[in-house]
Amino acid sequence: MSKAENKRPLVEVRNLKQYFPIKTGLFKTEMLKAVDDVSFYINEGETLGLVGESGCGKTTVGRTLLHLYEPTAGEILYDGEPVTEKNILSMRRKMQMVFQDPYSSLDPRMTVEDIIGEPLDVHKLYSTKAERREKILHLMELVGLNAEHATRYSHEFSGGQRQRIGIARALAVNPKFIVCDEPVSALDVSIQAQVINMFEELQEKLGVAYLFIAHDLLVVHHISDRIAVMYLGKIVETGTADDVNYNSIHPYTCSLMSAVPIPDPDFIRGRKRIVLEGDVPSPLHMPSGCPFRTRCQHACEKCAQEMPPLTDRGNGHMVACWVK
Amino acid sequence: MAEKKDYLLSVQDLHTSFFTDSGEVHAVNGVSFNLDPGEILGIVGESGSGKSVTAYSIMQILESTGKIVGGKILYKGDDLTKWSAAKLDKFRGKCVSIIFQDPMTSLNPVFTIGNQLTEAITLHTNKKGQAAVDRAAELLTLVGINEPQRRLKQYPHELSGGMRQRVMIAMALACEPDILIADEPTTALDVTIQAQILELIQDLQKKLGMAVILVTHDLGVIAELCDNIIVMYGGRICERGTAREIFYNPRHEYTKGLLKSIPNVNNMKEKLVPIAGTPINILNLPKGCAFCARCENCMKICLTDVPEELNINENHKASCWMNVKEVFEGGTK
Amino acid sequence: MENKTPKKNPLSMQLNLSKFNSYMFEKATDEEKRQQDVMSESTTFFKDGMRKLMKNPLAVGSMIVLGLILIIIVFAPLFIPYRYEEILSVNGVRDKGAKNLRPFEYSKLEQQYIEAGGTRFPHIFGTDEQCRDYFIRVIYGTRVSLVVGFFASIIVLIIGMLYGSISGYLGGKVDMIMMRIVDIIYSLPDMLIIILLSVVLQTILKFQPGSLLDSLGTNMISLFIVFGMLYWVGMARLIRGQILSIKQNEYILAAKSIGAPTGMIIKRHILPNCISVIIISTALQIPSAIFTESYLSFVGLGVQAPMPSLGSLANAARGGLQNYPYKLLFPALMICLIVLSFNLLGDGLRDAFDPKLKK
């Protein structure tokens with residue numbers, strides 16, 4: 001709770017848009033609106049969970065934050081300073097990323113030592129070889145890796161250990177903010193808990209803030225202070241983790257929450273599930289107005305005409321819905 | 001023992017191995033279970049636990065390097081490990097069907113949905129021509145696909161992931177099998193689509209009365225659907241019993257650890273208790289209990305002896321030395 | 001049963017407790033637990049690949065065959081007293097009877113010489129119609145064929161690698177234009193160009209008499225030029241494809257997110273990851289170059305006489321095919337052995353090193 005009192009936004013995103021040109025015909029190019037007018041902030045030492053189904057643009061948000069894609073429009077501020085193509089190198093010492101796939105995110109031809117040492121090389125964060133090695137061993141210890149394994153190759157490790165290597169690489173530059181792009185979804189259940197706990201311990205120790213992108217709502221609820229729910233490139237609901245989970249307002253969030261498979265037979269068989277009809281529309285042919293209206297039970301005329309703005313429903317709980 | 005014939009499917013001491021460059025890999029080591037008609041059985045475990053291999057062994061669709069090296073698989077009392085290839089071809093689809101994790105790769109992209117469905121129907125039933133097409137449309141309606149006539153003419157890439165999984169289920173149901181094996185049927189799908197598919201499987205099971213074997217790593221899915229659960233680790237069964245017994249009265253250290261390592265719905269901020277260590281390397285199985293290296297209550301005997309299965313009660317069996325220890329200490333006190 | 005355990009544990013009746021003792025239920029130490037959980041031995045990618053390669057009997061066999069051939073062509077000329085262009089003579093007298101000898105046969109003059117107490121090295125493969133030792137000619141032919149194959153492959157590799165990696169890494173419009181050029185080159189008839197080039201070069205190029213280039217002849221130079229101009233396109237396409245797929249990997253994205261500059265990404269991540277494909281395709285390129293050289297020599301566009309190559313030897317053997325079939329057999333067998341060995345070795349390398357085939 002002490003985290004919430006610390007009200008200084010470390011990272012702020014204002015009206016971020018990320019469109020990708022898609023060839024749809026011989027001479028026709030359409031814009032795929034992967035992220036469409038998204039705004040949010042993350043306080044120092046806080047975790048913002050970003051949830052949504054595949055194709056909703058959550059991964060794109062994470063990557064655009066680090067300028068891996070050039071944003072189409074909008075602003076990204078780190079500590080009040082805009083992140084641009086010019087200062088991105090220095091920004092990458094403050095913002096880092098952990099990737100989803102522990103198998104493809106580590107170069108198979110490099111040893112653990114070289115993988116973790118790469119950011120140190122790029123930003124020249126050491127003066128002697130011994131210092132480099134010492135820093136690497138410290139990082140390995142920090143993420144719970146055995147120092148003896150420094151000279152091994154990544155393919156010799158299990159998924160959980162590989163993800164630890166990826167986290168150590170992100171921590172090497174001592175960042176204040178890390179984008180975690182589905183860091184546990186490729187791991188076995190028993191290993192997920194290890195990695196989640198490590199994220200939490202690192203936050204306590206180092207005070208880093210996370211943007212935690214995931215589709216597993218239970219995990220996101222557990223780790224996040226606040227949650228933002230995305231649907232087709234737009235944030236439809238955001239608020240504290242408990243508010244979004246227990247008092248969800250947006251019909252999409254409600255159905256999402258009711259669909260989470262909860263490992264408790266009595267509870268899950270007793271609950272009423274809101275099963276959504278149909279599939280997510282293609283982001284190339286977005287419905288007019290509210291993107292969710294095609295699957296929404298409560299949709300009215302107004303929903304088809306205009307996208308509802310995010311409005312405060314108390315305690316910073318913002319919802320974008322005309323009906324609810 | 002005597003009423004062996006009553007089981008729809010009875011797997012007895014199944015051993016399946018893969019013969020690779022690095023030697024023999026024991027993927028399944030002595031798995032036994034029975035399946036009643038109309039039962040939903042869940043097999044849960046993490047990667048390398050042998051859950052999928054068990055399912056493939058039942059279907060006899062193992063890769064070329066895989067081989068059933070021991071045990072029996074009795075279908076209505078008849079051991080199908082001894083059947084000829086021709087008899088097995090009839091058995092697959094007609095008696096047992098399987099649906100896979102990735103619906104995109106299990107459908108052939110160059111044929112229409114209709115083509116593939118009618119092929120499955122003509123292959124296994126005596127319906128031909130228009131009758132088969134009608135049956136295909138009927139099946140699509142059954143799995144909740146609107147406008148079946150139009151869908152039949154579409155190619156797999158024109159359908160969404162959830163829709164494709166529905167088509168796969170329709171195909172599996174083409175000949176009304178007694179047993180449907182679902183291998184991670186919802187892992188590749190989003191939460192809301194997953195909910196649709198689970199609902200569908202449940203509905204169909206009630207409507208058609210078939211038995212379902214659900215193979216998954218997702219405890220939530222298992223909790224929702226299954227009557228009985230088998231927990232596997234390192235190619236062996238740790239524990240099996242009714243869903244309530246497994247979730248509320250776990251008697252194997254692995255199951256206990258697994259349940260503690262997922263976020264608690266009632267107290268979200270409670271710290272997770274992970275299982276230590278790394279997942280088992282099936283190339284290098286320990287001599288004793290497969291879980292011993294990661295178990296926090298590991299005892300000397302766990303390192304050397306494979307635990308025997310004990311009846312905790314009539315609905316619950318577990319293979320863990322901790323249960324024996326409890327009796328032993330109770331007995332000597 | 002019921003009086004055995006006061007707690008009336010239902011498990012007790014299933015157990016024979018006498019086989020247990022309390023030691024068994026002591027907690028295992030961490031040390032004991034760790035012994036159960038050993039990490040497999042550390043291997044590098046290269047070591048692992050070599051291990052797999054050494055397990056492949058065909059690949060090992062081809063390596064042995066290639067090794068033997070290499071040893072023979074390097075060392076045999078050192079102790080065989082004939083030269084490839086030397087017309088046999090005994091004691092300074094030209095041996096006119098040493099024409100078309102069978103393997104290990106001596107001419108009359110030589111027999112007299114041996115009877116007179118002289119030693120004469122046997123003609124292992126016999127002699128040709130110009131009274132030259134055939135064995136040494138086959139060895140020189142193999143040398144020429146291998147050298148041509150090797151250098152042609154290197155030319156192909158260098159040009160293809162540069163072109164392909166530029167095209168693949170830059171992508172977009174540059175890639176589009178570069179690949180259309182490749183398509184155009186693909187459509188040129190290579191035979192026609194070789195013939196045209198050798199005719200043109202014959203009139204332009206004049207080499208110093210006696211130099212290596214002179215003895216190889218303009219045909220060979222045009223062959224190399226054609227390889228350099230036309231045959232690299234396959235390699236370029238392959239490497240471009242490889243780089244495109246490596247670019248998709250998240251570790252490239254990770255390197256970018258760290259802030260690594262483009263040059264560092266290419267050097268550290270992209271090149272090391274396509275090296276195996278480059279080695280494999282070079283190994284497969286060598287036999288195809290040898291083949292091309294052989295059939296060009298066979299149709300008379302190859303090396304300049306008297307320098308032999310396997311193809312020109314086979315061509316020369318055509319004349320007396322009915323009387324001396326073995327003269328075709330030796331060079332043909334050599335071509336087969338070399339090409340087959342390289343192909344099998346290339347396949348073995350691919351099985352062992354190609355990351356895509358890894359489980």
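**Lys76(B)**

I looked up Lys76(B) and found it partly exposed, because 14 other C-beta atoms lie within 10 Å. My cut-offs: a residue is buried if 20 or more other C-beta atoms lie within 10 Å of its own, exposed if 12 or fewer, and partly exposed in between, with C-beta atoms placed from the backbone. This is a predicted model, where local features need pLDDT of at least 70 and side-chain atom pairs count only at pLDDT 80 or more, while totals for chains, interfaces and linings use all residues. Residues are numbered from 1 along each chain as its sequence is written, and chains are lettered from A and ligands numbered from 1 in the order in which they are written.

I placed Lys76(B) in the loop between β4 (66-75) and β5 (78-79) of chain B. Helices (H or I, at least four residues) and strands (E, at least two) are DSSP runs, numbered from the N terminus. I then read the backbone: Lys76(B) is not a glycine, yet its phi is positive, about 50°. Most residues other than glycine have a negative phi.

**His67(A)**

I noted a positive phi in chain A too. His67(A), a residue other than glycine, has phi near 60°. It sits in the loop between α2 (58-65) and β4 (73-78) of chain A. Is His67(A) buried or exposed? His67(A) counts as buried, because it has 20 C-beta neighbours inside 10 Å.

**Chain B overall**

I listed 13 helices and twelve strands in chain B. The C-alpha atoms of chain B fill a box of roughly 75 × 50 × 45 Å along the principal axes. I read 52% of the 333 residues of chain B as buried. For contacts in chain B with a separation of 6 or more, 64% come from residues 24 or more positions apart. Two residues are in contact if their C-beta atoms, placed from the backbone, lie within 7 Å.

**Chain A overall**

Chain A has twelve helices and twelve strands. Its radius of gyration is 21 Å, close to the 20 Å that the globule rule gives for 324 residues, so chain A is as compact as a globular protein of that length. I took its C-alpha trace along the principal axes and got a span of about 70 × 55 × 45 Å. Of the 324 residues of chain A, 50% count as buried. Among contacts in chain A between residues at least 6 apart in sequence, I found that 65% join residues at least 24 apart.

**Where A meets B**

I counted 35 residues from chain A and 36 residues from chain B in the contact. On the side of chain A that touches chain B, α6 (159-171), α7 (189-206), α8 (217-223), α10 (251-259) and α11 (265-270) each supply at least two residues. Which helix gives the largest share of that side? It is α7(A), with seven residues. By class, this side of chain A has 18 nonpolar, eleven polar and six charged residues. Here Ala, Val, Leu, Ile, Met, Phe, Trp, Tyr, Cys and Pro count as nonpolar, Asp, Glu, Lys and Arg as charged, and the others, Gly among them, as polar.

**Helix pair in chain A**

I checked helix α4 (residues 112-122) against helix α5 (residues 129-142) of chain A: their axes come within 10 Å and cross at roughly 115°. Axes are lines fitted to C-alpha atoms, for helices over the stretch in contact, and angles run from 0 to 180 degrees between N-to-C directions. α4(A) and α5(A) are therefore roughly perpendicular to each other. Angles under 35 degrees count as roughly parallel, over 145 as roughly antiparallel, 65 to 115 as roughly perpendicular and the rest as oblique. From α4(A), the contact uses Glu113(A), Ile116(A), Gly117(A) and Leu120(A); from α5(A), it uses Arg132(A), Lys135(A), Ile136(A), Leu139(A) and Met140(A). I sorted the contact of α4(A) with α5(A) into five nonpolar, one polar and three charged residues.

**Thr292(C)**

I ended in chain C. Thr292(C) lies in helix α11 (residues 262-298) of that chain. Thr292(C) counts as buried, because it has 22 C-beta neighbours inside 10 Å. Thr292(C) and Val148(C) are 144 residues apart in sequence, but 9.8 Å apart in space, C-alpha to C-alpha.

Methods: Rg over C-alpha atoms; globule rule 2.2 N^0.38 Å.
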